[in-house]
Amino acid sequence: MAGLTAAALAAVGFLAYQASATAPSPAELAAKPTTPSTAPSATASGKPKPPKDPLALPAASGSGERVVYALADRRVWLVNAKNQVTRTFSVMPSTVNPPPGAYAVSSRSGAVRGSDGVQIEHVVRFATVQDVSVGFSAAVDGSTPEPDPSRKTGGIRMKRADGDALWSFAVIGAKVVVVA
């Protein structure tokens, strides 16, 4: 019996030595950043959750007919009264952003010169932040460049076709919901 115990202890000791020889040191563990798994996480049923649709309407964006503007996603959704997305498109944010919340379209202009000097059309304003009017617009030349960070501008730019759709959708008083 003693021989069997000695053999078992020797086997356990050998396996422990092998494990410690291949394991990273504490210093190596501290130096290597861990990256999260890109695999979908599992649900309670054990099935993987489908990846989030980047074009999906944000969950906390209200209800009813509205324009939803997601700051981090740089995206706008036009949502009808039945909570159905009728159009979504990417935008180029301005240097001055409204805080998350609900707003109403307060004014509109068919064609003007933007605060950055660019000729714009279909301006739909809904907020004022730091004495800067914030609203959606499209450059007549179709451009959507990054705004100059040294200037306080409130124009959220989009492609002309998207500007046409937003202009038709967002009349005075229309709800605009800004989400982070």
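These legends walk you through several close-up views of a predicted model.

View 1. Of its 180 residues, 31% count as buried. The chain exposes about 10,900 Å², and carbon and sulfur atoms supply 60% of that area.

**View 2. Four strands line up as an open sheet in the order S5-S6-S7-S8.** Pairing in this sheet is mixed. The edges are strand S5 (107-113) and S8, each of which pairs on one side only. Neighbouring strands are turned by 30° against each other on average, direction ignored. Look for S7 and S8, which run parallel and are joined by four bridges. Here Ala 138 has Met 158 of S8 as its bridge partner. Helix H3 packs on the sheet, where H3 touches S5, S6, S7 and S8. The direction of H3 makes about 55° with that of S6.

**View 3. Helix H3 (residues 160-169) has a buried face.** Which residues of H3 are buried? They are Asp 162, Gly 163, Leu 166 and Phe 169. Seen down the axis of H3, these buried residues fall within an arc of 130°, so they line one face of the helix.

**View 4. Arg 87 and Asp 162 meet in a salt bridge, at 2.8 Å from N to O.** Arg 87 sits in strand S3 and Asp 162 in helix H3, 75 residues apart, and the pair links these distant parts of the chain. Asp 162 counts as buried, because its value is 9%.

**View 5. Asp 116 and Arg 157 form a salt bridge, at 3.1 Å from N to O.** Asp 116 lies in the loop between S5 and S6 and Arg 157 in strand S8, so the pair ties together parts that are 41 residues apart in sequence. Asp 116 is partly exposed at 32% relative accessibility, while Arg 157 is buried at 7%.

**View 6. Glu 146 and Arg 74 join two loops through a salt bridge.** Their closest N and O atoms are 3.5 Å apart. Glu 146 belongs to the loop between S7 and S8, and Arg 74 to the loop between S1 and S2, 72 residues apart. Glu 146 is exposed at 55% relative accessibility, and Arg 74 is partly exposed at 33%.

Conventions:
Residues numbered from 1 in each chain as written. Predicted model: local features only at pLDDT ≥ 70, side-chain atom pairs only at ≥ 80, totals over all residues. Heavy atoms only, no water. Buried < 20%, exposed > 50% of the residue type's maximum accessible area, 1.4 Å probe, protein only. Arc of directions from axis to C-beta. Pairing = 2+ DSSP bridges. Axes fitted to C-alpha atoms, helices over the stretch in contact; angles between N-to-C directions. Contact = heavy atoms within 4.5 Å. Areas by Shrake-Rupley, 256 points an atom, 1.4 Å probe, with all protein chains shown as cover. Salt bridge = Lys/Arg side-chain N within 4 Å of Asp/Glu carboxyl O.
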